[in-house]
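The following exercises concern a single protein model. Each task is followed by a solution in steps.

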Amino acid sequence: MALRLIQTIVPVDRKHQLQSIIRGESFIESWDQTMGKNRYKLSLILPVQESEHLISRLEQRFSDTATFRIIIYPVEATIPIPNEPEANTNRGTAMEKQEKEGKGRISRDELYNDLVDSTRLSWVFVVLMIASTIVSTTGILRNSEAIIIGSMVIAPLLGPNVALSLATTLADFNLAKNALRVTFAGILISLFLSVLTGMILNIDPASPQIASRIQPNMGDIGLSLASGVAGALAFTTGVASALVGVMVAVALLPPLVTFGLLAGTGEWEIATGALLLLFINIICINLSGVVTFVIQGIKPSKGEEENKARSASLASILIWSILLILLMVSLYYSHINFDFL
């Protein structure tokens with residue numbers, strides 16, 4: 001059972017309001033502390049799926065106070081092992097209980113904070129993109145799957161793509177702008193290095209690692225859709241993101257490097273296949289990411305923003321779907337191999 005320790009700080013004269021709120025919640029244990037003369041802290045241990053509902057209620061009640069703060073900690077273990085808290089049958093409407101049932105995910109606020117750092121264009125991101133591109137290029141030229149997989153492990157492409165899906169789901173345009181900026185920066189860095197390598201070295205288009213990425217097919221679309229779902233679930237359920245990041249990297253980095261190598265050597269006609277594969281992967285990853293977040297019930301904390309977020313999600317799903325269909329049609333009519341694997 002995944003647990004969270006939530007500490008809430010409010011003005012001491014509003015501690016009774018805080019205590020009245022938690023009476024209707026399902027938690028395992030609580031304790032409180034008066035901090036000086038003006039602040040009151042209440043600590044709760046509760047299942048992770050209960051945290052978002054409580055955080056939203058606390059924000060709505062106390063966000064107008066200057067000293068209000070919520071601090072969330074993941075709980076690795078407790079001794080003795082706690083039992084599942086009994087659900088409060090008097091709490092909330094039947095619809096609220098049904099919405100929470102079976103989600104098994106972290107809170108919206110945790111998810112946002114996990115992803116926001118990945119949308120900052122830092123020197124670490126630049127170095128990792130350079131390193132992963134060099135390693136991927138080496139693997140492709142040497143026809144080595146092991147080296148290519150190594151490049152996928154260090155490629156920092158998971159966070160920005162999942163952040164873009166989350167930004168769409170929450171209608172957070174500032175997060176979307178930052179996610180797009182970092183994603184495009186990563187693509188440009190990798191593209192520049194691979195094109196430069198293609199201009200310097202002799203590239204063999206018949207190489208198995210290149211040939212396999214210039215003829216997109218339905219298997220590639222399935223891989224990309226699975227990568228988007230896995231990337232979203234990696235953050236919402238706590239799956240090891242480093243491992244899932246390999247799935248996202250396998251869909252983005254090798255086709256990008258392949259296109260750059262072929263473009264650098266002047267093989268523009270066959271490079272088009274790798275470029276189409278890259279576009280398909282980007283579209284599929286973001287489409288499946290948005291759908292996954294919507295199914296999991298992720299939405300803004302403020303009720304008045306829900307309609308805007310719902311419209312943004314539907315528009316995004318529609319746009320990504322249309323673009324995917326157009327690319328599939330383009331593949332078909334350009335006579336690129338589009339058979340099942």
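Predicted model: local features only at pLDDT ≥ 70, side-chain atom pairs only at ≥ 80, totals over all residues.

**Exercise 1. Is Ala-171 buried or exposed, and where does it lie?**

Step 1. The relative accessibility of Ala-171 is 8%, so the residue counts as buried.
Step 2. Ala-171 belongs to the loop between helix 7 and helix 8.
Step 3. Its phi is positive, about 55 degrees, although Ala-171 is not a glycine.

**Exercise 2. Which residues does a cis peptide bond join?**

Step 1. The cis bond is between Ile-79 and Pro-80, with omega at about 0 degrees.
Step 2. Pro-80 is placed in the loop between strand 4 (69-75) and helix 3 (94-100).

**Exercise 3. Describe the packing of helix 4 and helix 7.**

Step 1. Two packed helices are described by the angle between their axes and the distance between the axes. Axes are lines fitted to C-alpha atoms, for helices over the stretch in contact, and angles run from 0 to 180 degrees between N-to-C directions.
Step 2. For helix 4 (residues 108-116) and helix 7 (residues 158-170), the angle is about 140 degrees and the axes are 9 Å apart.
Step 3. Helix 4 and helix 7 are therefore oblique to each other; angles under 35 degrees count as roughly parallel, over 145 as roughly antiparallel, 65 to 115 as roughly perpendicular and the rest as oblique.
Step 4. From helix 4, Arg-108, Leu-111, Tyr-112 and Leu-115 meet Gly-159, Val-162, Ala-163, Leu-166 and Leu-170 of helix 7, where contact means heavy atoms within 4.5 Å.
Step 5. The contact of helix 4 with helix 7 comprises seven nonpolar, one polar and one charged residues. Ala, Val, Leu, Ile, Met, Phe, Trp, Tyr, Cys and Pro count as nonpolar, Asp, Glu, Lys and Arg as charged, and the others, Gly among them, as polar.

**Exercise 4. Describe the packing of helix 5 and helix 8.**

Step 1. Helix 5 (residues 123-142) packs on helix 8 (residues 173-200) at an angle of about 40 degrees, their axes being 9 Å apart.
Step 2. The two, helix 5 and helix 8, are therefore oblique to each other.
Step 3. Among the contact residues are Phe-125, Val-126 and Met-129 of helix 5 and Val-182, Gly-186 and Ile-189 of helix 8.
Step 4. By class, the contact of helix 5 with helix 8 has eight nonpolar, six polar and no charged residues.

**Exercise 5. Characterise the surroundings of Ile-317.**

Step 1. Ile-317 is part of helix 13 (residues 306-333).
Step 2. With a relative accessible area of 22%, Ile-317 is partly exposed.
Step 3. Beyond its neighbours within four places in sequence, Ile-317 is in contact with Leu-287, Val-290 and Val-291.

Conventions. Residues numbered from 1 in each chain as written. Heavy atoms only, no water. Helix = DSSP H or I, 4+ residues; strand = E, 2+ residues; numbered from the N terminus. Buried < 20%, exposed > 50% of the residue type's maximum accessible area, 1.4 Å probe, protein only.
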